[in-house]
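This report describes the fold, core, strand pairing and salt bridges of one protein. The sequence and structure are shown below.

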Amino acid sequence: MMNLDQYFHAMTWEYFFKCSDKTVLEIGPLHGEHSKLILQQNPKSLDLIDIDAGVCKNLESLGVNKNLRYIINQDIHKF
């Protein structure tokens with residue numbers, strides 16, 4: 001039997017496997033670990049927005065991927 005924390009963790013990860021053929025907007029991708037999981041599911045497209053220019057620069061390490069359209073450095077409230 002799962003406790004509540006385990007349940008929410010499992011439920012959250014389940015969404016990464018539903019990204020196939022979807023347009024995904026990830027806000028605050030940090031180091032791109034979730035972005036990598038999303039890209040593995042072959043989404044229609046993935047756009048990343050983060051307020052930190054350094055984070056956006058580091059996200060370029062995700063490499064060229066036909067599904068990764070944009071890495072945008074901007075405050076989401078101004079986007």
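## Salt bridges

Lysine 57 counts as exposed, at 55% relative accessibility; buried means under 20% relative accessible area, exposed over 50%, and partly exposed in between (1.4 Å probe, protein chains only). This lysine 57 forms a salt bridge with glutamate 60, with 3.3 Å between the closest N and O atoms. A salt bridge requires a side-chain nitrogen of Lys or Arg within 4 Å of a carboxyl oxygen of Asp or Glu. Glutamate 60 is partly exposed, with a relative accessible area of 47%. By this rule there are three salt bridges.

In another, the side chains of lysine 36 and glutamate 33 meet at 3.3 Å, N to O. Both residues lie in helix 2, three residues apart, about one turn of the helix. Arginine 69 forms a salt bridge with aspartate 47, the closest N and O atoms being 2.6 Å apart. Arginine 69 lies in strand 3 (residues 68–73) and aspartate 47 in strand 2, so the pair ties together parts 22 residues apart in sequence. Aspartate 47 counts as buried at 10% relative accessibility, whereas arginine 69 is partly exposed at 47%.

## Model and fold

The model is predicted: local features need pLDDT of at least 70, and side-chain atom pairs count only at pLDDT 80 or more, while totals for chains, interfaces and linings use all residues. Residues are numbered from 1 along each chain as its sequence is written, and side-chain values use heavy atoms, with hydrogens and water left out.

The protein has three helices and three strands, in the sequence pattern α-β-α-β-α-β. Helices (H or I, at least four residues) and strands (E, at least two) are DSSP runs, numbered from the N terminus. Of the 79 residues, 28% count as buried.

## Strand 1 and its partner

Strand 1 and strand 2 run parallel and are joined by five bridges; pairing requires that DSSP find at least two bridges between two strands. Glutamate 26 stands opposite leucine 48 in strand 2.

## Nonpolar core

The largest nonpolar core has eleven residues, including Phe16, Val24, Leu48 and Val55. Such a core is a set of buried Ala, Val, Leu, Ile, Met, Phe, Trp, Tyr and Cys residues joined through side-chain atoms within 4.5 Å. Helix 2 (33–40), strand 2 (45–50) and helix 3 (53–59) are the elements that give two or more residues to this core.
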